[in-house]
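Welcome to this tour! Please load the model in your viewer and keep the selection tool ready.

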Amino acid sequence: MGVFQQILQQMINGLSLGSIYALLALGYTMVYGIVKLINFAHGDILMIGAFIGYFVLTKIGVTPGTLIIAFLISMPLCALLGVSMEKICYKPLRNAPRINALITAIGLSFFLENGARVLPAIGPNPRVFPTLPPVTHHLLGVGLSRVQIIIFAVAVGLMLILNYIINFTKIGKAMRAVSYDKGASYLMGINVDRVISFTFALGSALAAAAGILFASAYPQVEPYMGIMPGLKAFIAAVLGGIGSIPGAMLGGFILGVAETLAKGFLSSQMADAIAFGLLIIILVVKPAGILGKSIDEKV
Amino acid sequence: MTTLLQAENLSIQFGGLMAVSSFNMELKEGELVGLIGPNGAGKTTTFNMLTGIHKPTSGRIIVRSRNGGPRNIEKLQPYQITSLGVARTFQNIRLFKDLTVLDNVRIANHFNAQYKSIHALLRLPVFYQEEKRIYEYNMELLKLFKLEHKSDELAKNLPYGEQRKLEIVRALATKPHTLLLDEPAAGMNPQETKELMELIKSIKEQFNLTILLIEHDMNLVMGICERIIVLDYGRVIAQGKPAEVTRDPMVIKAYLGKEMENDA
Amino acid sequence: MQSERQKKTITSIILLVLGFVFLNALVAMRIIDEYTTQVLTIGAINVVVALGLNLISGFTGQLALGHAGFMAVGAYTTAALVMKLGVPIFPAIFGGGLISALFGLLIGLPTLRLRGDYLAIVTLGFGEIIRVIMINLTEITGGPAGLKGIPPFTTNFYWRPVVSFAIAYLFLVLVITLISNLLKSSPGRAIVSIREDEIAANAMGINVFYYKMFAFTLSAFIAGLGGGLYAPFFGYLSPNMFNFQKSVEFLIIVVLGGMGNLTGTVLAGFGLTYLQEFLRFLQDYRLVIYPLILIVLMLFQPSGLMGLFGNREFSLAGLAEQVNQLLFRKDPAEKAGEK
């Protein structure tokens, strides 16, 4: 394989990984845009979503049809989980010092991971995620697997749906209003609580989808599987500009490509360090991210 | 008389909105100037630019520093501007709520404290001397505002009026030459307001201060300010002596009109 | 005023020394058994690191989630200084603290200019990445297999627990004195004002970025000292000892005791360490209970245990005063008159 093909291959792998990061980064960025909170537990929703998919698929077998059923079960359940987390844990702390909500978020994350670990149905050991038999198409000497095609299709489809919801529906407009000015939205008669719940639901559903895709790509599920993708998706959100939806998508793709290139040409362990180094560089050079704008705190 | 604080063509833009445009002002030593205007006219935004919290989009701000030289401050951080001698209070009270009244004031002495961290860690004599000086000086300031007996209370437990006073004491403790007061009497009853204004006048004399004051209560501004600047939609629409300003048709239209009718 | 202060300082020092001698006597005479001594030593080390975390998270209000990482840096540096360069143990521990502080400085510079949340995620990332680095730096760290044979505080087997305990105790006292002296001073008040209201602090002449850096670097230094104590005490280090879970354990100590309260951290640190030894049978369930404690505390008692007692701090001189009054029934009012 020539260098060109090698790079092209890594690009394809990177874009596929990146679309998973993008789905996850959308949840971070939407929640941050609306309640200004880094939801540390977001990566763990990916894990829960993957496990729900795992249970569905082991029960009814894997066909393209059951895969769709897995998405349709996992996404609403995770949306429900996200909303309950918000209602029980974050909402009471909305007026408390920020550090309190952050600590709660880290507590929730830790609780979900270790809770999954002690549950007899899940347990600490990795399990093989059921997948469709692998098929690889070859084009110009570059391989494109069926899983990758599914990942692209689902991720792009969901992003188009999200884009429609945010730009063309009433609740989407309310979301944008609340993220712009919560107080004024409230005065304009927007049910701010409902908008916040909806945001968590939307973000968590996307995380669940990302979970099934992630588990299909690395066919394996385990309780701590959400930590690293969560951290990287957050980096992607910051890279794109936290609070910006197109930014999260862009950031996800960039990070995915950067990571696979690093893995392919450097070392796989250093890839994690590179993602982290990237975060530091953005924070130094352009903390508002590629598509974000800095907003001053009200005085 | 020397100019202590000067703004030249100060403008700031938030998104597409020009919040303040071409603001000009000259504050001379010993003046007490009022900055008035309807809600949303850009008064607090102007304060935020003068104190470094917002960076102006264009224009210049010049402060006479303590050693006398003029300095451009539009790129400085708030703490640097404070150390040059310009202190402020906040309209929506920003005390250190969970700290004591005394600590609130002591924090404002920070850049005047003549010892370093290492002196504090090793508890050297210079630490004790300075702490004693700061304590005594701050208790004196609190006494002026009749807050000395509450020095150990938490700031959040003070009644509203006293919280506003504490904001002023805190600003005074930075030893400013120019004091910017953002609606110091907001939420006070007429009697309290009157007393506060007397107090402001007296500390102005005692500490040789120059004061710029945002106020809503028109009568009050007319009563104590020597000069008034009127803002509307981010522009200065009039300035001059209180009596002149109240006759200005632009001002009457923009702001005073309604109130005058109400008063009549 | 002057003599009153000196009296207080002298009382505190006398009580500290007495406490030290007394505890060590108990340990040396094996009245406190070896196992308990070990738990107390681990407790003291945990409290040291937790106090460092409290400085940045409780007093400065900036959440940090990678203190196990700083501890790891301190531990490995100390071990390397002793084993590779033959540096004596005490300077080596301080060396561990300094290198850890250097990491703190490097992380803080880009991060602390921005709003507080970024520190949380960057330190979390740091904690994870430093482990990857430790695993790969086989030369110094022994890689994933771990680093064995770190020389203990003393080679005398009988005296080892006593000496370890005494050294941990000394460092604990040193760190408490350092932090409490700092807090009761102008720089300390500057640090706390940042937690209370960053904008107001800035407007009152506080260089907010500088003091965040100061607090964070000092915090990393203290965590590094904790790691430095850890290395010779256990004699063995592996990268997985310093995982994210460990960082969260320190956070729980701080939150349970009360953010911004030193007494609380000391009590919760020893308490949780002690409990942990006895709750070993709970195994993985402990990891479920811990985060629940965090969430419940944040929702219902955010000021922690010491918040129940008005967030007051324990002081030895204060204790002496109380005992004095109790014994000699001296009226405090009368005493004030004497001055």
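This is a predicted model: local features need pLDDT of at least 70, side-chain atom pairs count only at pLDDT 80 or more; totals for chains, interfaces and linings use all residues.

Which residues of α6(B) are buried? Residues are numbered from 1 along each chain as its sequence is written, and chains are lettered from A and ligands numbered from 1 in the order in which they are written.

**Stop 1: a helix in chain B**

Select residues 160-172 of chain B, which form helix α6. Helices here are DSSP runs of H or I with at least four residues, strands are runs of E with at least two, and both are numbered from the N terminus. Helix α6(B) has 13 residues and spans 19 Å from its first C-alpha to its last, close to the 18 Å expected at 1.5 Å a residue; that expected span is 1.5 Å times one less than the number of residues.

Now for the answer: B:Arg164, B:Lys165, B:Leu166, B:Glu167, B:Ile168, B:Val169, B:Arg170, B:Ala171 and B:Leu172 are buried in α6(B). A residue is buried if 20 or more other C-beta atoms, placed from the backbone, lie within 10 Å of its own C-beta.

**Stop 2**

Next, find the open sheet of 4 strands in chain B, ordered β2-β1-β4-β5 with antiparallel pairing. Two strands pair if DSSP finds at least two bridges between them. At the edges are β2 (17-28) and β5 (70-72) of chain B, each pairing on one side only.

Select β1 (residues 3-14) of chain B, which pairs with β2(B) in the antiparallel sense over 8 bridges. Click on B:Gln6: its bridge partner in β2(B) is B:Glu26, and its bridge partner in β4(B) is B:Ile62. Further along, B:Ile12 has B:Val20 as its bridge partner in β2(B). The hairpin of β1(B) and β2(B) has 2 residues between the strands, and B:Gly15 takes a positive phi near 60° there. Towards β4(B), 5 bridges join the antiparallel β1(B).

**Stop 3: where two chains meet**

Show chains A and C together: 34 residues of chain C are in contact with 33 residues of chain A. Contact means that the C-beta atoms of two residues, placed from the backbone, lie within 7 Å. Which element of chain C gives the most to the side that touches chain A? It is α5(C), with 11 residues. The residues on this side of chain C divide into 26 nonpolar, 6 polar and 2 charged. Here Ala, Val, Leu, Ile, Met, Phe, Trp, Tyr, Cys and Pro count as nonpolar, Asp, Glu, Lys and Arg as charged, and the others, Gly among them, as polar.

**Stop 4: chain A as a whole**

Finally, select chain A, with its 11 helices and 2 strands. Buried residues make up 50% of its 299 residues. Its C-alpha atoms fill a box of roughly 60 × 45 × 35 Å, taken along the principal axes.

Methods:
A residue is buried if 20 or more other C-beta atoms lie within 10 Å of its own, exposed if 12 or fewer, and partly exposed in between; C-beta atoms are placed from the backbone.
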